[in-house]
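User: I am new to this structure. Please show me how to read its features, one at a time.

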Amino acid sequence: MKKRKEKRMITQERIEEYCLWLQENERSRGTISKYYYYLCQLQGFLGRTQVSKEGVVLWKEALRRRLSPLTVNCALAAVNGFFRYWGWEGCVTKLYKVSREIFCPEERELLQDEYLRLIRQARENGNERMELLLQTMATSGIRVSELPYITLEAAGSGVAEVDCKGRIRKIFLCRKLCQRLTDYAKRSGIASGMLFITRTGRPMDRSNIWRAMKKLGEQAGVGARKVFPHNLRHLFARSYYQMEKDLGKLADLLGHSSINTTRIYTIESGKNHIRQLEKLELFVE
């Protein structure tokens with residue numbers, strides 16, 4: 001790691017050098033973008049003040065007043081890596097200790113019926129691209145950043161090979177989806193390559209998909225906090241786990257290196273738990 005005697009100031013040049021180092025170490029574009037964002041946030045908070053442990057703790061407390069502990073920990077992980085790179089070990093700040101959630105907030109759990117309403121709404125709108133995109137994500141568990149790997153060739157073979165975060169895995173596509181994707185490509189004039197593209201031929205990005213999903217959610221009467229691309233991956237994980245009860249295999253399908261991460265994807269709201277408690281019939285009136 002770098003050992004510098006200069007003043008401990010967060011500058012644009014230092015941020016960019018650190019991000020370049022992350023890129024050279026094959027960190028994902030999403031991670032680098034997130035780290036860049038939080039470093040710029042801290043830079044704005046400190047202004048012309050030198051970085052100190054006290055200043056970072058104040059920033060941490062300010063973040064906590066408006067963000068969840070998990071989100072604050074993401075921000076701290078970003079800046080702690082930057083501090084270690086520049087040899088500012090004394091500025092590294094402890095993360096919040098967070099107990100593992102066993103239930104997800106009910107207002108964020110996308111139910112299968114709500115997902116089907118989104119599909120029907122996209123179909124009613126004549127938006128076949130969006131309809132198939134939602135179904136591709138929900139039936140495969142693919143990340144939104146991995147959608148460029150859903151190609152005409154993948155639809156033909158039923159298998160997409162994804163390279164994400166240095167991990168290469170195969171994603172299997174169900175037969176009926178593959179047929180729909182192939183038919184869609186013919187109607188859209190796509191002879192090869194990516195299927196989910198803009199009018200200019202560029203891959204659809206997260207913001208495009210997010211906006212389209214929000215509009216569908218409003219039209220279909222699905223709560224806004226439930227409608228975002230990553231929630232389709234959670235829906236896949238919960239549905240698969242309810243059927244198979246195989247956490248290890250699910251971790252492989254999702255591309256997780258840790259089963260602990262996969263457990264987060266399988267949590268539900270407390271409704272099912274309450275139903276199970278009722279079935280125990282241990283309460284006596």
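User: Which residues in α6 meet which residues in α10?

Analyst: A note before we start: this is a predicted model. From α6 come L134, M137, A138, T139 and S140, and they meet P229, L232 and F236 of α10. By type, the residues of this contact divide into 6 nonpolar, 2 polar and no charged.

User: How are α6 and α10 placed, by angle and by axis distance?

Analyst: Two packed helices are described by the angle between their axes and the distance between the axes. Here α6 (residues 128-140) and α10 (residues 229-244) cross at roughly 40°, and their axes come within 7 Å. The two helices are therefore oblique to each other. Their crossing is right-handed.

User: At what angle do α5 and α9 pack?

Analyst: The angle is about 100°, with the axes of α5 (residues 112-124) and α9 (residues 206-220) 9 Å apart. That makes α5 roughly perpendicular to α9. R117, L118, Q121 and A122 of α5 make the contact with L216, G217, Q219 and A220 of α9. These residues divide into 4 nonpolar, 3 polar and 1 charged.

User: Now aromatic rings. How many aromatic pairs are there?

Analyst: A pair of aromatic rings is described by the distance of the centres and the angle of the planes. The count comes to 11 aromatic pairs. One of them, F82 with W88, is edge-to-face, at 5.8 Å centre to centre and 85° between the planes. Both F82 and W88 are buried. Ring pairs link F82 and W88 into a cluster with Y18, W21, F83, Y85 and W86.

User: What kind of pair do F236 and Y240 form?

Analyst: Theirs is stacked: 6.0 Å centre to centre, 25° between the planes. Both lie in α10, 4 residues apart, about one turn of the helix. F236 is buried, with a relative accessible area of 11%. Y240 is buried at 12%.

Methods. Residues numbered from 1 in each chain as written. Predicted model: local features only at pLDDT ≥ 70, side-chain atom pairs only at ≥ 80, totals over all residues. Heavy atoms only, no water. Axes fitted to C-alpha atoms, helices over the stretch in contact; angles between N-to-C directions. Parallel < 35°, antiparallel > 145°, perpendicular 65-115°, else oblique. Contact = heavy atoms within 4.5 Å. Nonpolar A, V, L, I, M, F, W, Y, C, P; charged D, E, K, R; others polar. Left-handed = near helix turned anticlockwise from the far one by under 90°. Phe/Tyr/Trp six-rings, centres within 6.5 Å; stacked < 30°, edge-to-face > 60°. Buried < 20%, exposed > 50% of the residue type's maximum accessible area, 1.4 Å probe, protein only.
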